[in-house]
Amino acid sequence: MIVLPLEERAVGHIAYNLRDADRAELEATLWRFDSAALARSAMASCIGFVAATDDGLPVAAVGAVEHWPGVLQFWMFATPLWPRVALGTTRHVLRWMRPLCWATGAHRAHAFSAAQHTEAHRWLELLGASRETTLKAWGRGGEDFVVYTWWRG
């Protein structure tokens with residue numbers, strides 16, 4: 001796996017080729033799903049990267065955006081090739097991104113995940129996140145979402 005900067009073209013490739021579970025999760029949280037708009041909004045992140053295969057094919061976009069002072073919202077979406085970069089992405093988040101998040105002065109980070117996206121839940125827990133609560137009927141179509149959190153400390 002290689003790490004690329006969070007760049008709109010690479011993120012756009014991922015957004016146009018999402019895993020089904022990621023697309024369903026994103027569709028439940030957006031007014032209208034638009035891959036190009038998703039890629040552009042990802043660029044607002046204060047911290048982020050693209051995980052690519054060894055030959056440079058973008059597979060996963062990962063980032064954190066300041067939700068309000070001291071609080072970051074963590075996000076990730078990927079293509080069906082996710083298993084090819086999952087281990088390297090996990091290592092990069094733990095070694096680089098997590099310390100950088102705390103270095104911004106943040107005291108909390110959270111992620112929202114569709115209740116049925118169990119693969120995402122396992123990954124968030126592997127990254128050290130704790131399941132905080134379930135938001136009933138939080139999605140656009142009434143989908144339940146789970147909040148995962150990290151605290152600096």
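Predicted model: local features only at pLDDT ≥ 70, side-chain atom pairs only at ≥ 80, totals over all residues.
How many cavities of 30 Å³ or more does the count come to? The answer is one.

Next, the largest pocket. About 630 Å³ of space lies in this pocket. Its lining has 26 residues, and those nearest the centre are Leu26, Gln73, Phe74, Trp75 and Phe112. Several elements supply at least two lining residues each: helix 2, helix 3, strand 4, strand 5 and helix 5, which spans 118–126. Strand 4 gives the largest share, five residues. As for class, the pocket lining divides into 17 nonpolar, six polar and three charged residues.

Asp22, Glu25 and Leu26 are its buried residues. Viewed down the helix axis, these buried residues fall within an arc of 95 degrees, so they line one face of helix 2. As a general point, an α-helix has 3.6 residues a turn, so residues three or four places apart point the same way. What do the buried residues of helix 2 pack against? Their partners are helix 3 (35–42), strand 4 (71–78), strand 5 (108–114) and strand 7 (145–151).

Is aspartate 22 buried or exposed? Its relative accessible area is 2%, and because the cut-off for buried is under 20%, aspartate 22 counts as buried. Its side chain makes a polar contact of 2.9 Å with the side chain of arginine 19. Beyond its neighbours within four places in sequence, aspartate 22 is in contact with Phe77, Ala78 and His117.

Helix 3 can be read in a similar way. Its buried residues are Ser35, Leu38, Ala39 and Ala42. Around the axis they cover an arc of only 100 degrees, which puts them on the same side of helix 3. They pack against helix 1 (8–16), helix 2 and strand 4. The N-terminal end of helix 3 is capped by aspartate 34, which has a side-chain oxygen 2.9 Å from the backbone nitrogen of alanine 36.

My last stop is helix 5, where leucine 124 lies. Leucine 124 is buried, at 5% relative accessible area. How far apart are leucine 124 and tyrosine 148, C-alpha to C-alpha? The distance in space is 7.2 Å, while in sequence they are 24 residues apart. Setting aside its neighbours within four places in sequence, leucine 124 is in contact with Phe74, Ala111, Ser113, Ala129, Tyr148 and Trp150.

Notes
Residues numbered from 1 in each chain as written. Heavy atoms only, no water. 1 Å grid on protein atoms, 1.4 Å probe; cavity = no way out; pocket = protein on both sides within 12 Å on 5 of 7 lines; lining within 4 Å. Points joined across faces, edges and corners; volume = space filled by probe spheres on them. Buried < 20%, exposed > 50% of the residue type's maximum accessible area, 1.4 Å probe, protein only. Helix = DSSP H or I, 4+ residues; strand = E, 2+ residues; numbered from the N terminus. Arc of directions from axis to C-beta. Contact = heavy atoms within 4.5 Å. Polar contact = N/O pair within 3.5 Å; in protein donor to acceptor, adjacent residues only side chain to side chain. Nonpolar A, V, L, I, M, F, W, Y, C, P; charged D, E, K, R; others polar.
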